[in-house]
Amino acid sequence: MLVGASNPCPCGFLNSPEKACICSPSQISMYKRKLSGPLMDRIDIFIEVPAVKYEKLIDTSIGAQSKTIREKIEKTREVQKERFINDHILVNSEMQIPQIKKYCQHDLQSQNLLKKFVDSGKLSARGYHRILKVARTIADLEGAQSIQQNHIAEALMYRLKN
Ligand SMILES: [Zn+2]
């Protein structure tokens, strides 16, 4: 698993409610282009996180939240392990195309939504398959049997944010 972080712009304050960003639009776009398209295409989830406030740093309840999240993830991984019992893989991210076709079926509305993004060039073939795997995981986290349109929409949102 690859987890990375970057500043939103060279000065680091783009979209910050605390301090104004001093970068020009061209500086920001040049900064974002440092990561190549093919590399970005292999990253499934992009999220913007605000700077951590002092109150959050000293908040002891965060440990408890983390424990709850861990339990939910462990349960979800168990579901996936069971799903792939005959496929010799453990989790959704390891699915190859035949498994994606088998386990990531989605309704017509979801197909139309994905078609729009593929046809407009916003989603590559690789991106398309990765979206389905992330949507399967979102559905699993919710305990949903099948992938719904909102799962696809959420997966698209994580990907298209960059
Ligand atoms: Zn800036």
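Let's start in helix H7, where Arg136 and Asp140 are four residues apart, which means they are separated by about one helical turn. Their side chains meet in a salt bridge, with N to O at 2.9 Å. Both Arg136 and Asp140 are buried. Please keep in mind that this is a predicted model.

Let me walk you through two of the pairs. Arg159 forms a salt bridge with Asp41, and their closest N and O atoms are 2.9 Å apart. Arg159 belongs to helix H8, residues 149–160, while Asp41 sits in the loop between helix H2 (37–40) and helix H3 (54–57), so this pair ties together parts that are 118 residues apart in sequence. Are these two partners buried or exposed? Arg159 counts as buried, at 6% relative accessibility, and Asp41 is buried too, with a relative accessible area of 17%.

The second pair is Arg130 with Asp44, whose side chains meet in a salt bridge at 2.6 Å, N to O. Here Arg130 comes from helix H7 and Asp44 from the loop between H2 and H3, so parts 86 residues apart in sequence are tied together. Arg130 counts as partly exposed at 22% relative accessibility, and Asp44 counts as partly exposed at 24%.

On to helix H4, residues 62–83. This helix has 22 residues and reaches 32 Å from its first C-alpha to its last, close to the 32 Å expected at 1.5 Å a residue. Which residues of H4 are buried? They are Thr76, Gln80 and Arg83. These residues cover an arc of only 50 degrees around the axis, so they lie on the same side of H4. What covers them includes helix H5 (97–103) and helix H7 (125–142). If you turn to the other side of H4, you will find Lys67, Arg70, Lys75 and Glu82 exposed.

Finally, stay with Arg83 for a moment. Its charged end sits over the ring of Phe84, 5.7 Å from the ring's centre. Phe84 also takes part in the one aromatic pair in the count. The ring centres of Phe84 and Tyr103 are 5.3 Å apart and the planes stand at 85 degrees, so the pair is edge-to-face. Phe84 lies in the loop between H4 and H5 and Tyr103 in helix H5, so the pair ties together parts that are 19 residues apart in sequence. Phe84 is buried, and so is Tyr103. Thanks, everyone!

Key
Residues are numbered from 1 along each chain as its sequence is written. This is a predicted model: local features need pLDDT of at least 70, side-chain atom pairs count only at pLDDT 80 or more; totals for chains, interfaces and linings use all residues. Side-chain values use heavy atoms; hydrogens and water are left out. Helices (H or I, at least four residues) and strands (E, at least two) are DSSP runs, numbered from the N terminus. The expected span of a helix is 1.5 Å times one less than its number of residues. Buried means under 20% relative accessible area, exposed over 50%, partly exposed in between (1.4 Å probe, protein chains only). The arc is that of the directions from the helix axis to the C-beta atoms. Contact means heavy atoms within 4.5 Å. Rings of Phe, Tyr and Trp (its six-membered ring) pair if their centres lie within 6.5 Å; planes under 30 degrees apart count as stacked, over 60 as edge-to-face and the rest as tilted. A charge sits over a ring if NZ of Lys or CZ of Arg is within 6 Å of the ring centre and within 35 degrees of the ring normal. A salt bridge is a side-chain nitrogen of Lys or Arg within 4 Å of a carboxyl oxygen of Asp or Glu.
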